[in-house]
Structure formats: structure tokens, C-alpha cells
Amino acid sequence: MAKGLIAHLAAWYKPGPAGGKGTFVTDGGYLLEEQRMYAELEAKARGQPLAVEIEIRPVRDRRTLDQNRLMWALLTKMARTYGQTTPEACYLDMLAEYDGGEISYWQVPVAALADLRRAFRVVQVMELLDDERCTVRIGLGSSHFDRYQMAEFIDRIFDRLAEMGVSDAETTQQYRDWRLKRDG
């Protein structure tokens with residue numbers, strides 16, 4: 001977040017009756033961010049009124065933080081089930097299947113890994129080479145997905161987990177909660 005920014009929330013404006021005021025309702029995908037915002041405002045206000053600046057503009061229909069958290073929790077389960085792999089590797093595999101072409105293989109100096117990780121969401125070292133170089137697999141990630149694309153991506157992860165036989169109580173509940181939230 002930008003320096004001094006307390007929270008970034010998406011909300012829906014619901015028009016009121018003709019000539020009346022409408023209302024703003026925080027998008028459900030930002031619930032944790034909204035809770036964090038109120039806690040930080042309370043701490044800064046110390047019982048006194050606090051002036052804040054609110055910027056309102058139309059938003060892109062980007063994936064939500066809750067979708068992102070669920071995705072990583074599921075990818076962690078996938079990696080544990082496969083064994084000998086990481087959630088990041090599972091992420092890259094699923095991205096390659098989902099939208100193809102967003103994954104690249106590069107040979108780079110090992111010393112460049114930190115810079116590469118700042119530039120790309122996921123960098124997986126595939127092989128260490130002889131001359132202090134390595135082969136890496138990189139991906140731009142899902143940060144450019146809108147909510148619909150992210151929902152499809154999460155559905156595919158759930159499908160893969162089901163194909164793998166992952167059917168523990170926690171995953172089943174996550175799936176039920178996901179379907180309820182997704183389908184309304």
C-alpha cells in the first residue's frame with residue numbers, strides 16, 4: 001500500500017429512491033481488509049474524531065484477497081499431497097494449464113535470482129548449472145485475473161484436488177463455503 005494509506009476497499013454504491021441518497025456497501029471479498037481498517041482507525045483516533053481522505057473511483061473487477069488466500073491454501077494442500085514439490089510449483093503448473101503461454105523458462109546467473117523474484121510473482125529454480133547459472137521457470141501469476149477468471153482458476157484447483165483424492169473435512173468445507181460465496 002502507498003505510504004499513509006490505511007486501507008484499500010472495494011464497495012458497491014446502491015442508488016436510493018429518486019432524489020434520495022444511496023448507500024455504500026463494502027464488497028464481501030474485502031472483509032478482512034475492512035476489519036483491519038477499522039482497527040487501525042480506532043488506534044489512530046484514540047477516542048477523538050480523526051479526519052480521513054476518501055477517494056472514490058470505479059474499480060476494475062480484480063480478484064479479491066479472499067480468493068487469493070483460498071488459492072494459496074489449496075495449492076499448499078496440493079503440494080503436500082504430491083510430496084517433493086512446493087505450492088509455487090503447483091501454482092505454475094496450474095497457471096500453465098489454465099491460460100498457457102504465461103510460463104517461461106530462462107537461464108540466469110544465480111546472483112540474479114533476487115532481482116528476478118522482485119520482477120515476477122513466482123520464480124522456481126528448476127536446475128543448477130555448472131557456471132553459477134540456473135534454469136528457472138517464471139510466471140506473471142494470477143494478479144491480472146479478474147474475479148471471474150480467478151473463480152475459474154480456483155474451480156480448476158478444486159477439481160485437481162478431487163482428482164488427486166483429496167477429500168478431507170477441511171477441503172470439503174472450503175469447497176462448500178467457496179460454492180456458497182461464488183454462487184450466492
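Close-up 1. Glu-163 and Arg-160 both belong to helix α5 (residues 147-163), where they stand three residues apart, about one turn of the helix; helices (H or I, at least four residues) and strands (E, at least two) are DSSP runs, numbered from the N terminus. The model shown is a predicted one, in which local features need pLDDT of at least 70 and side-chain atom pairs count only at pLDDT 80 or more, while totals for chains, interfaces and linings use all residues. Residues are numbered from 1 along each chain as its sequence is written, and side-chain values use heavy atoms, with hydrogens and water left out. Glu-163 and Arg-160 form a salt bridge whose closest N and O atoms are 3.3 Å apart, a salt bridge being a side-chain nitrogen of Lys or Arg within 4 Å of a carboxyl oxygen of Asp or Glu. Glu-163 is exposed, at 62% relative accessibility, whereas Arg-160 is buried, with a relative accessible area of 17%; here buried means under 20% relative accessible area, exposed over 50%, and partly exposed in between (1.4 Å probe, protein chains only).

Close-up 2. By the rule given for salt bridges, the count comes to nine. Side chains of opposite charge can pair when their charged atoms come close. In this view the side chains of Glu-40 and Arg-36 meet in a salt bridge, with an N to O distance of 2.8 Å. Glu-40 and Arg-36 are separated by about one helical turn, because they are four residues apart in helix α1 (residues 31-45). Glu-40 is partly exposed, with a relative accessible area of 27%, and Arg-36 also counts as partly exposed, at 29% relative accessibility. A network of salt bridges links Glu-33, Arg-36, Glu-40 and Lys-44.

Close-up 3. The side chains of Lys-77 and Glu-170 meet in a salt bridge, with 3.1 Å from N to O. Lys-77 lies in helix α2 (residues 65-82) and Glu-170 in helix α6 (residues 169-183), so the pair ties together parts that are 93 residues apart in sequence. Lys-77 is buried, with a relative accessible area of 6%, whereas Glu-170 is partly exposed, with a relative accessible area of 49%.

Close-up 4. Two packed helices are described by the angle between their axes and the distance between the axes. The axes used here are lines fitted to C-alpha atoms, for helices over the stretch in contact, and angles run from 0 to 180 degrees between N-to-C directions. Helices α5 and α6 pack at an angle of about 155°, with their axes 12 Å apart. That angle makes α5 roughly antiparallel to α6, since angles under 35 degrees count as roughly parallel, over 145 as roughly antiparallel, 65 to 115 as roughly perpendicular and the rest as oblique. Helices α2 and α6 pack at an angle of about 155°, with their axes 12 Å apart, and are therefore roughly antiparallel to each other. The crossing of α5 and α6 is left-handed, and the crossing of α2 and α6 is left-handed; a crossing is left-handed if the near helix is turned anticlockwise from the far one by less than a right angle, and right-handed if clockwise.

**Close-up 5. A nonpolar surface patch that includes Tyr-13.** Tyr-13, Phe-24, Leu-50, Val-52, Ile-54 and Ile-56 make a nonpolar surface patch of about 650 Å². Patches are made of residues with over 30% relative accessible area and no salt bridge, like charges being joined within 9 Å and nonpolar side chains (Val, Leu, Ile, Met, Phe, Trp, Tyr) within 5 Å. Tyr-13 is found in strand β1 (residues 11-14) and counts as partly exposed, at 45% relative accessibility. Trp-12 also lies in strand β1, and Trp-12 is exposed, with a relative accessible area of 54%.

**Close-up 6. Two loop residues with positive phi.** Arg-46, a residue other than glycine, has a positive phi near 50° and sits in the loop between α1 and α2. At 71% relative accessibility, Arg-46 counts as exposed. Gln-84 has a positive phi of about 55° although it is not a glycine, and its place is in the loop between α2 and α3 (87-99). Gln-84 counts as exposed, at 86% relative accessibility.

Conventions. Areas by Shrake-Rupley, 256 points an atom, 1.4 Å probe, with all protein chains shown as cover.
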